[in-house]
Amino acid sequence: MKSLVLAEKPSVAKEIARVLGCGQKHKHHYEGSAYVVTWALGHLVTLAEPEDYNPSYKEWRLEDLPLIPARMKLKVIRETTPQFKAISALAKRGDLKELIIATDAGREGELVARWIMELVQWRKPYKRLWISSQTDKAIRDGFASLKPGRDYDRLYRSAVCRAEADWLIGLNLTRALTCKHSAQLAAGRVQTPTLAALMDREKQIQSFQSKDYWLLRGDFGSFQGQWRSSAVPDGRLFDQSAAEALVRKLERAASAQVASLKRTEKQEPHPLAYDLTELQRDANKRYGFTAKQTSNVLQRLYEQHKLVTYPRTDSRYLSTDIVPTLAGRLRALQVPPYASLIKPLLAKPLPVSKRIADDSKVTDHHAIIPTDERPSLQLLGADERKLYDLIVKRFLALFYPAYRYDETTVMVQLGGESFHARGRVVREQGWRQLYEEAVWAESGDDDADGQTPDSAGAAQELPPLTQGQKLDTRRLSLHKQMTRPPGRYTEAALLTVMEKQGLGTPATRADIIEKLLQTDTIERRMNTLQPTGKGAQLIHLVSPELRSSELTASWEQELQRIATGQGDADAFMSRIRKQTESIVREVKVSSAEYKPHNLTSSRCPECSNPLQEIKGKQGKRLVCSNRECSYRRAAEAPLLNKRCPQCRKKMELHEGKAGKYAQCKPCNVIEMLGDSPGGRGGKSAKRQQSQMVEQFSDNVSLGSSLEEALRAALEKKNS
């Protein structure tokens with residue numbers, strides 16, 4: 001009798017099959033003497049659509065809402081049906097004694113497998129492979145110590161609650177807003193409070209009134225000091241005449257004197273290891289990576305290159321069972337440019353403290369660290385190399401001593417007023433020797449009132465000084481500054497806000513941000529995120545309760561409690577159903593209006609109403625704002641999947657006397673397309689289809705088809 005192994009992706013199944021010795025390759029599985037290894041494509045099964053309950057629900061009508069099925073149904077995703085049928089056929093084989101769930105070791109991975117098991121009606125025993133890396137050793141060790149499948153029933157229940165809650169709230173609210181206001185308005189359980197956080201920051205910026213202020217600095221020859229007082233501890237003087245009067249007073253004063261001198265030995269311990277959110281923040285600050293980009297690159301390092309441990313973790317600590325493997329991981333990293341940094345660490349026992357390994361602070365998975373695979377850095381892409389370097393250096397920093405320095409604070413008295421200066425002398429670079437100093441410069445993104453950093457108060461090199469010493473050289477100067485509004489959130493700053501407010505999980509935050517971008521409710525400008533006109537209106541159309549981060553955070557906490565056996569899944573879903581009814585009721589009775597943010601100056605040639613500019617996969621379109629009118633046309637040439645041979649950007653579709661052709665406007669490259677319809681047949685169509693299937697192979701969220709359904713419904717309403 002053999003065991004059936006279910007992996008989440010074909011690439012993972014291939015590696016597991018190789019390690020298990022399954023040499024017979026078939027179209028939908030691998031087979032060996034003891035195992036049959038098959039795979040999902042991300043989610044093969046999803047929650048049923050409204051029209052699966054009642055065909056009339058395919059039409060979006062406000063009077064049908066809320067849609068709250070008594071029992072949620074499952075369905076096979078149409079594009080992945082062949083793979084599901086193959087798994088179903090394998091499940092019926094008489095020579096398979098058990099199923100081994102080998103999907104990603106997390107909440108979504110559990111859901112992928114269990115929903116497939118439910119639809120194929122698996123009734124035989126099942127076990128769980130729970131590993132934190134994809135190395136051969138980890139796979140072999142994992143299969144040698146399989147867990148009982150029932151141990152993860154609570155995690156599965158939590159995953160079901162998350163999926164059903166998102167379906168109920170997201171689908172009903174999106175349909176309600178779209179029908180009520182005849183516009184593409186998507187909202188959801190986590191994305192709405194995230195948008196609210198961006199809007200709150202935008203309000204702070206718009207309501208901010210800048211003020212002038214002055215800083216008084218004293219130059220004492222070999223160092224500078226900043227004036228401060230007990231009444232003005234930050235040294236900012238908002239009255240120019242008072243500032244100038246203070247200068248005149250001090251210019252008449254006698255020589256300055258060192259009133260106090262204090263030296264303090266300080267130290268900074270090494271930073272904690274990375275969880276996913278902290279890594280996304282760091283990659284955004286240092287390299288400008290989006291959260292989604294970091295997730296995708298990290299997944300390749302985990303699955304394809306097998307160089308890092310499980311990526312979607314929320315812990316920044318290691319479990320104690322990992323400690324014996326740390327020296328081996330360091331030895332595997334002895335390649336340029338890390339060998340010289342690792343050599344001193346291996347010369348003595350590793351200093352493993354509670355700051356590194358603490359079982360009480362590890363949930364499903366420990367922090368992200370390198371595996372014991374020796375890296376071939378030349379095989380990594382540029383982004384992979386950058387991200388791997390971050391992970392390796394953070395791992396090495398765990399075993400380096402603290403950064404130690406002496407800080408000297410000086411207070412200079414002049415005419416009864418105080419000037420402050422501080423200096424720093426490094427005693428031991430410690431873990432900071434792994435990094436350039438600029439890496440640790442503080443960002444002012446979250447500064448509440450935009451106060452300009454006090455450059456004179458920053459650490460500087462101080463000369464030898466003694467208490468009571470006279471300072472003959474002095475020059476006073478006023479520096480005019482302006483208060484500034486708080487900065488718009490970078491992606492790193494928004495991830496911090498989401499983490500603090502309990503919005504989403506490390507595994508879902510990147511998808512939430514991308515969802516807001518795709519639905520045109522927020523936009524990227526340079527390296528910041530800000531709401532669009534659509535987002536600014538949308539937030540006022542949604543129930544204040546759903547905008548609240550406290551409500552969403554409490555839901556996330558309850559989902560975690562359900563996963564650990566402390567929460568009540570039925571009670572949670574009962575609250576979600578009541579909340580759904582309340583949210584839809586508020587939308588129905590609301591008198592708020594939505595004015596399309598994307599109206600253009602162009603008029604419809606058929607009814608004279610303004611045209612709206614709609615962004616689509618094939619480029620921008622102009623659509624009549626009158627829902628009774630079906631007029632639409634391309635606002636720009638549609639984009640093809642065909643890439644320019646020079647700049648690699650998508651080419652535009654045009655039609656001339658000689659037929660259809662592809663054109664790259666920036667490069668002015670033109671290629672004839674022959675007779676294929678729109679240039680989208682043949683290889684192009686196959687590639688498009690494979691890309692679509694690939695999205696299911698990347699564990700995208702369950703609501704990924706919502707945008708397409710929303711667009712289709714609106715187009716039908718407008719036609």
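Contact means heavy atoms within 4.5 Å. In this predicted model, residues 24 or more positions apart account for 73% of the contacts with a separation of 6 or more. The chain has 719 residues, and 50% of them count as buried. Its secondary structure comprises 21 helices and 26 strands.

- Buried here means under 20% relative accessible area.
- The buried set begins with Glu491, Ala492, Ala493 and Leu494, and it continues with Leu495, Thr496, Val497 and Met498.
- Which elements do the buried residues of H14 pack against? Four are helices: H7, H9 (276-287), H10 (291-303) and H15. The others are strands E17 (522-525) and E18 (528-531).
- Gly502 follows H14 and has a positive phi, near 70°.

**Helices H7 and H15**

- Two packed helices are described by the angle between their axes and the distance between the axes.
- Helix H7 spans residues 191-207, and helix H15 spans residues 509-518.
- Their axes lie 10 Å apart, and the packing angle is about 75°.
- Angles of 65 to 115 degrees count as roughly perpendicular, and H7 and H15 are therefore roughly perpendicular to each other.
- On the H7 side, the contact is made by Gln191, Thr194 and Leu195. On the H15 side, Ile512, Lys515 and Leu516 take part.
- By residue type, this contact of H7 with H15 has 3 nonpolar, 2 polar and 1 charged residues.

**Cavities**

- How many cavities of 30 Å³ or more does the count give? The count comes to 4.
- The largest cavity has a volume of about 60 Å³.
- Its lining includes Val12 and Ile16, the run Ala102, Thr103, Asp104 and Ala105, and also Leu129, Ile131, Gln134 and Tyr302.
- The lining of the largest cavity divides into 7 nonpolar, 2 polar and 1 charged residues.

**Cis peptide bonds**

- The peptide bond from Leu65 to Pro66 is cis, with omega near 5°. Pro66 sits in the loop between helix H2 (50-53) and strand E6 (74-76).
- The bond from Pro336 to Pro337 is also cis, with omega near 10°. Pro337 belongs to the loop between helix H11 (326-332) and helix H12 (339-346).

- Asp520 is not a glycine, yet its phi is positive, near 65°. Where is Asp520 found? It is in the loop between H15 and E17.
- Asn668 is not a glycine either, and its phi is positive at about 60°. The loop that holds Asn668 runs between strand E25 (659-664) and strand E26 (669-672).
- Is Asn668 buried or exposed? Its relative accessible area is 52%. The cut-off for exposed is over 50%, so Asn668 is exposed.

Notes: Residues are numbered from 1 along each chain as its sequence is written. This is a predicted model: local features need pLDDT of at least 70, side-chain atom pairs count only at pLDDT 80 or more; totals for chains, interfaces and linings use all residues. Side-chain values use heavy atoms; hydrogens and water are left out. On a 1 Å grid over the protein atoms alone, a cavity is a set of points where a 1.4 Å probe fits but cannot get out, and a pocket is an open set with protein on both sides within 12 Å along at least five of seven lines; lining residues have an atom within 4 Å of a point. Grid points are joined across faces, edges and corners, and a volume is the space filled by probe spheres set on the points. Ala, Val, Leu, Ile, Met, Phe, Trp, Tyr, Cys and Pro count as nonpolar, Asp, Glu, Lys and Arg as charged, and the others, Gly among them, as polar. Axes are lines fitted to C-alpha atoms, for helices over the stretch in contact, and angles run from 0 to 180 degrees between N-to-C directions. Helices (H or I, at least four residues) and strands (E, at least two) are DSSP runs, numbered from the N terminus. Angles under 35 degrees count as roughly parallel, over 145 as roughly antiparallel, 65 to 115 as roughly perpendicular and the rest as oblique. Buried means under 20% relative accessible area, exposed over 50%, partly exposed in between (1.4 Å probe, protein chains only).
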